[in-house]
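Reader: I'd like to go through this one piece by piece. Could you take my questions as they come?

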Amino acid sequence: MNRLADSQSPYLLQHADNPVHWWHWSQAAFDEARRRDVPVLLSVGYSSCHWCHVMAHESFEDDETAAYLNAHFVSVKVDREERPDVDAVYMEAVQAATGQGGWPMTVFLTPEAEPFYFGTYFPPQPRHGMPSFRQVLDGVATAWADRRGEVADVAKRITGELAGRTLKYDGPQPPGEEEMGAALLGLTREFDEKRGGFGGAPKFPPSMALEFLLRHHARTGSDGALQMVDATCEAMARGGIYDQLGGGFARYSVDAEWVVPHFEKMLYDNALLCRVYAHLWRATGSDLARRVALETADFIVRELCTEEGGFASALDADSDDGSGAHKEGAFFVWTPAQLAEVLGEDDGAFAAARYAVTEGGTFEEGASVLQLPAEAEDAGEAERLASVRERLFAAREGRPRPGRDDKVVAAWNGLAVAALAETGAYFDRPDLVEAASAAADLLLAVHTDDRGRLVRTSRDGVAGPSAGVLEDYADVAEGLMALYAVTGETPWLEVSGTLLDAVLRHFTADDGTLFDTADDAERLIRRPQDPTDSATPSGWTAAAAALLSYAAHTGESRYRTAAERALGVVRALGPRAARFIGWGLAAGEALLDGPREVAVVGEADDPARSALHRVALLGTAPGAVVAVGEPGAAQPLLADRPLVGGRAAAYVCRGFVCSAPTTDPDTLAEALRTG
């Protein structure tokens, strides 16, 4: 029987009607494999994964393939977003064995959960040098039956190699000027000067590296760092990876020019990029950065907000093309004829020219992904373009929509809370701050227990079965501290401390290294531990950054010591792999700058306090922390900070040295100016 119908995961529910007798990841599944003396097929994916859908349709919905699986294997289906620990452990094995990885991930295990054969997508027939899925199943089943000793030896060897990969580095010393300079040089060498971004196709939004470059520019005045951010952000915003009608970014571009995206839209990408563009505006005043930050924030709230106030994980790449067939990108692409049908001939031709829609198409079957190579040249053209965009957006709303994975992931909601709180504060959009607060409320009410421990996911306001991992604790703490800086509401800071205490207690080794899972989490064949960024900041570097900020807020040395020790990995990896540890480098910039501590005191309804508070939030000093409240407030940064001459005042401290308090916003701005 298929056991997925009781799942909370939308991805697992997509497979609940398969003829495959799927099991959840559970001890019962491995006990069943041991009882039947068969191997385990582990299939890992996520709901918005295009090739996961393809393999499901080709193989898992096929009765003959399912019958073979049911006879010869115990089949286990895992949502990688719900169980990132399981995904990480076996993806490491796949990458070590094959040199590459991706989803769907296909791994064959012994009943002891030891892997012995690996792959990703397998087609239904042999194709492009790949064996068919059925050939793979036959081969594995035969090996299990006839060469059991060989299989066992391979499984033991791989498991032993994985178990021995605990990360160590020489001395828990944080990165210094030399390492930051080397990281900048490394990014400069990989920078695509013509098209922005780093490396070639496929090209992913380098959010975390961009945050490092913005902070490095702020601290050192490096023009080259800022130029790389500006060029990359403009190229992405003008390309097809950005939704020119509805705002928000697709997962990545299949080409090096940002033209054709893989159309799934993930909460984490959009939260991270919303924050990058808001920070770019803060640094430069760019109108493009302001527009994209706001449009991306509006996309998050409009299309990903759940009834409970959290944010859904993703929108699918595929949707009905109007004929009943699901196709990738169907919701987003246009032909010249479709533009003319909505807009009329004149405006249709204008839209085709402005959005780079051609007769031959830039995508498939003559359709084009909308781009915006240049802004309107004058007010009249800007008004016309705005009208065209509005009408196209309204028409697109009538198309069949992509599916939505509406589970709430704690870590990604933490990233969204930070992005929306800051964007709302920068651009005077209290509705965005309110959305951030609502998501934070959900994280506290549903994802946090009375011990300060997190669950990874929820759906429909009900907590999921999986324990929070390190990135959940770190990103939620980061989001709550950003919300505290904007609102001055002390509970957000207090909960951040509780979460970071759990990080120190349950995720931190004696040598200062960090693990992705807690010391009391389910034991896998190894305890995952990865400091490098992937699509999101690693839990390791996100925790280091959050610990550093909380130390600045509270003055408690144990948090700063833990942050410095954790950042030792950035000293080791930053000069060699800057693209993949950008969040850690950004935290390193904050450490080198202090970070600065800004306390703004005044009566709640005092416009002078509001003016100082805004200047504090808009300061570009890397990782500066901001506290705002009334005189006599209990928060550590506000304690013993009186008004000055009866007026609202700001206090700035850095490295145990404080400047004289000021009542003047310009003086405060100067104190927060770096470079």
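Reader: Cys49 and Cys52, buried or exposed?
Author: Cys49 is buried, and Cys52 is buried too. Buried means under 20% relative accessible area, exposed over 50%, and partly exposed in between, with a 1.4 Å probe and protein chains only. Keep in mind that this is a predicted model, where local features need pLDDT of at least 70, side-chain atom pairs count only at pLDDT 80 or more, and totals for chains, interfaces and linings use all residues. Residues are numbered from 1 along each chain as its sequence is written, and side-chain values use heavy atoms, with hydrogens and water left out.

Reader: How many disulfides does the structure hold?
Author: It holds 2 disulfides, a disulfide being a pair of cysteine sulfur atoms within 2.5 Å. Cys49 and Cys52 form one, with sulfur atoms 2.4 Å apart. Cys653 and Cys658 form a disulfide with sulfur atoms 1.9 Å apart.

Reader: And Cys653, buried or exposed?
Author: Cys653 is buried, at a relative accessible area of 3%.

Reader: What about Cys274?
Author: Cys274 is in no disulfide, and the nearest cysteine sulfur, that of Cys233, is 12 Å away. Cys274 counts as buried because its relative accessibility is 0%.

Reader: Changing topic. Which way do the residues of strand 3 point?
Author: Val74, Val76 and Val78 point one way, Ser75, Lys77 and Asp79 the other way, and all are buried. In a regular strand, side chains alternate between the two faces of the sheet. Strands here are DSSP runs (E, at least two residues) and helices are DSSP runs too (H or I, at least four), numbered from the N terminus.

Reader: Why is strand 3 largely enclosed?
Author: Because 6 of the 6 residues of strand 3 (residues 74-79) are buried, the rest of the structure largely encloses it.

Reader: Which sense does strand 2 pair with strand 3 in?
Author: Strand 2 (residues 40-45) pairs with strand 3 in the parallel sense, over 6 bridges. Two strands pair if DSSP finds at least two bridges between them.

Reader: Now helices. How many residues of helix 9 are buried?
Author: Helix 9 has 12 of its 14 residues buried, so to speak mostly covered. These buried residues pack against helix 8 (177-190), helix 10 (223-238), helix 11 (267-284) and helix 23. Gly221 follows helix 9 and has a positive phi, near 80°.

Reader: Why is helix 23 largely enclosed?
Author: 11 of the 12 residues of helix 23 are buried, so the rest of the structure largely encloses it. Just after helix 23, Gly594 takes a positive phi of about 150°.

Reader: Last one. Where is Lys407 found?
Author: Lys407 is in strand 12 (residues 404-409). Lys407 is buried, with a relative accessible area of 1%.

Reader: What does its side chain make a polar contact with?
Author: The side chain of Lys407 makes a polar contact with the side chain of Glu81, at 2.6 Å. A polar contact is a pair of N or O atoms within 3.5 Å; within protein, one must be able to donate a hydrogen and the other to accept it, and residues adjacent in sequence count only if both atoms are side-chain atoms.

Technical notes:
Contact = heavy atoms within 4.5 Å.
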